[in-house]
Amino acid sequence: MTGTPKAARFMLVVILMHASFCLHVNAQLPQHPGKRAVTLVARQVTIDYIIKQVRQQTDVEFRYVPDEKFQRRLNVNFVNTRLDDVLAFVLNGTGLTWITENGGISIIKASVPAQPLVSKPKPPPSPADTLLITGKSLDEAVIIGYGTTTQRFNTGNVISVKGDTAYSRSVNNVLLLLQGRVAGMMVTQTSGMPGTELKVQLRGQTSLFNGTEPLFIVDDIPYNSILTKGLGSQIWSEKASSFGFINPDDIASIDVLKDADATAIYGSRGANGVVLITTKRGRPGKISTRVNASQGFARVARHVPLLNTPQYLEMRREAFRNDNVATTDKNAPDLMKWDTSRYTDWQKELIGNAAAVTNLQASVSGGTPLVQFLVSGHYRHEQTVFPGPFKNSQAGMHFSLGSAVPGKRFSGTLTGSFFSINSQLPGHDFTAQIMLPPNAPPAYLENGSLNYDWLNPYIGLVGPLFNSNIKNLLGSLSLQYEILPRLKLKTNIGYHWLPGNSGTIILIAMYAPALRPNKTGSWSGNDFESASGIIEPQVTYHTCLGNLSLEAVAGGTYQGYEVKREELTALGYKRDDQLGNLDDADSLSRQFLRSSYRYVAVFGRTKFKWRNKYLLNLSVRRDGSSRYGPRKQFAFFYAAGAGWIFSSEPFMAPLERVLSFGKLRASFGTTGNDQIGDYQYLDRYENVGGTYQGIIGLLPVNLYNADFAWEQTRKMEIGLETGFLKNKLLLSASYYNYRSTNQLVDYPLPDINGASNIIGNLPAVIRNTGWEFVLTGHHLKNKNFEWSSVFNISFARNKLIAYPDPGIGVNAWKDMLGQPLSKKLVFQFRGTDPAAGTYTYTNAQGDAGPAETAVRKIPVNTAPDFFGGWENNIRYRRFQLDMLFQFVKQQGINDMYDPQYMPGFQRNQYINVLDRWQQPGDVAAYQRFTQSGRTRPGYQAIFRSDRGYVDASYIRCKYLNLSWQLPVRTLKQLGLDDARLYVQAHNLFTITGYQGLDPETQSGTALPPLRVMAAGVQLTL
């Protein structure tokens, strides 16, 4: 993209106009803070909670140092009470008083002079002051769509994950912060390589053929989690994770919105849940500098047991005997030409290296009540476990600037981040070659040159080679102006720009020297650019009418998104030093793709709270999208949520020592799914292969459909949230029932129409139901020891309950009615035929027979039975231990069977194959060895049988961090506010019965998630 993008210029004009308007408004003098009215009725709430509620009602900024005095609990009954009177009541007997300054209120000790606390240097934090558990308090702020609330008064289902932890400073992808920590959400790695796709699914599959990922929003900017086609990389495959282009340490919180009450305000994009990611902001206080540095290494966590050289040679020779074929130099070079005493562990050679990982983070933040700032930068360098100098290097910066005029009638926050990553990777994953024969020739000759006499994997160090450069720019501006008391005008403006380019080269040097004169090199390049702009004006109003508290928000959304992609291939290079110079190529081919998306909406929400115990939330949204047909471009979505805090009722008073909190909530509403790509409703054509009289013809592939509409999901949920023993133990239970319909499918058409199909809506119905439980415990807490934990577990079920016409879409759906979408009917494996030594399967008569007569009758469901995580935070004196365990109960793909090479071929195998058939009468687990294709039908049927699936359940220590805080005396001597030394590990161990490389990726050709060990230091000054 040359020059300034049009969207960027438009955003700049809008920002300047809005800022100019707001800055020139004549602000009225605000009312004295102490005279503002407060209405708050509650039982057994802390002073800290009361102050937060007062701040929300009055917009008065409070400044104080939290300590145990603010945890004192009171019963309050304030109705239109002056703030001064409220403070006099709640601070009575605490030894604290308050002063008014700079439009805010400072709470100080009654015996000290009145000075602004924000200007005082804070003492070094002790471990006892450290927040151990991440955001599980009932009264901690939770971000929801276009607003905030607390867990206590939330009528929806929102899980908040704090990002400012040691965990976030060590991972290379933001989505990894959610693994095992959010009930109902499955985050699955597809590879251990940085940049590869992470699959995210929240509460099941809601669409038959289209996308089911949540809507991701970063600082009010919709964010596409996938970089399609992976910039031409075979390792990244068709999808690369764009969340690898955001620094996880810049994240302040991640809020996952699940039910209708939380997601309906996002309308057509909220069917699969919404993930709100908020980056760090500056805070009032002295200027603080934080530095974090770590160094570590990554390794493959486990190796699979394979045949050694004698066992491999025994397999090969037996295969030739079974086939009655003589060995020759051509059909058995491993037996006739190669050194039969040689042994190479290809797992150790190709994926057994230690990959160095260097991570540096630094930030500066601080400010006053009117101006706050934060600036941070990071650098990360990762090598790979492959042989060769492959690497990923990334660097970036993040900033936030918040400002307000005196009285805070007008305020604004500007945030931005820039990220740059350079990847130098092999053209393929070396994991796919760990099954090479163990007696294969050496990779290098005695003179140090590559050995080209066989399919040497080390040729991959020469080529193909992949190189990419990707930038990621995010910027957002939030402006707020108080028109009248309690009435505010707010505008969110955001811009996202993601450009990238890559090149893959195939060198002539990849070929043996004798073949090079007849070979040529090639180069392929990809240029990608996406730009997105969004503006969301809003108006908010809140008031208290006696015992009724009312909050309302109304607004609109306009978003534009554009993607450009260019693919260029150059062939016929005569020399390797010409690669990349297009003038030296014999032929060029170019493909240019461009797509645009426009989205507009209006929305509103009203929240009612009566006596702080009866809650009602109503939300609506009207959406319009360019992805849908003219007659269906707009749709209406709605939701209602209600809650009852029954623990505040008088009849619960006798139980308050045991049951300190109890809330029932329920919600119902509609959302939509728009993950269907652009231009699907239009006439579409593609080039016909070849030409006619020099003209390339066009072939219709889809016909125009003006009624192409949204897929819709109706969501229903009920939940119970309880707190025990003064909320030291919190238990949340949720049941949900989703019905997704209006599915977009291919309607087949007669050939006479030209196109083979037209995409349209079908009233098929998918039902997702499930239970989710979250248990939060603050088990022990004293001066020297503290232990807190969060445990979550989810049980999700999916079922296709209606499919009106089996002839539409995929005929197999007719067999899936009443069954999970993840369920498959497969052959029933009956073992190895003792007479013939081949695999047998159940036939139509129920007998064991060859694969050609097998029938599908055994159901296999690859969806998890249950999954979850257990997070623990333990402190003893100055030591702190943080642990996260992830667990999944599931069936998965059995990767012990090579889809191409049967046991007996010139390929290594798992050691289990030694339990094979050798002679008539043998009862064995594996069929006879062969080096021909005569038994291939029975072998290939394994992948379509119940033998092709195994128990892939696991418990994984996802994260462990042990830190030690330096003593206060040492900190003072060094002039530091805080200093910690730590060691940490990712994927430390996995408990599983799965015999393949990894039960999560379930692939024998993809690098598994790596075990990362690191040590580092964190300093604050």
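Predicted model: local features only at pLDDT ≥ 70, side-chain atom pairs only at ≥ 80, totals over all residues.
Arg947 lies over the face of Tyr926, at 5.5 Å from the ring centre. Tyr954 has the charged end of Arg956 over its ring, 5.2 Å from the centre.

Contacts between aromatic rings were also examined. A pair of aromatic rings is described by the distance of the centres and the angle of the planes. The count comes to 36 aromatic pairs. One of these, formed by Tyr64 and Phe70, is stacked, with 4.5 Å centre to centre and 20° between the planes. Both Tyr64 and Phe70 are buried. Phe829 and Tyr839 instead form an edge-to-face pair, with 5.4 Å centre to centre and 70° between the planes. This pair links distant parts of the chain, 10 residues apart: Phe829 belongs to strand 39 (residues 829–832) and Tyr839 to strand 40 (residues 839–842). Phe829 and Tyr839 are likewise buried. Ring pairs also join Tyr628, Phe637, Tyr681, Tyr704, Phe708 and Trp710 into a cluster.

An open sheet of 3 strands was found with the order 2-5-4 and mixed pairing. Strand 2 (62–63) and strand 4 (96–101) are the edge strands, each pairing on one side only. Strand 2 and strand 5 (residues 104–109) run parallel and are joined by 2 bridges. Arg63 has Ser106 of strand 5 as its bridge partner. Helix 3 (residues 83–90) packs on the sheet and touches strand 2, strand 4 and strand 5. The direction of helix 3 makes about 155° with that of strand 4.

Technical notes. Residues numbered from 1 in each chain as written. Heavy atoms only, no water. Pairing = 2+ DSSP bridges. Helix = DSSP H or I, 4+ residues; strand = E, 2+ residues; numbered from the N terminus. Contact = heavy atoms within 4.5 Å. Axes fitted to C-alpha atoms, helices over the stretch in contact; angles between N-to-C directions. Phe/Tyr/Trp six-rings, centres within 6.5 Å; stacked < 30°, edge-to-face > 60°. Buried < 20%, exposed > 50% of the residue type's maximum accessible area, 1.4 Å probe, protein only. Lys NZ or Arg CZ within 6 Å of the ring centre and 35° of its normal.
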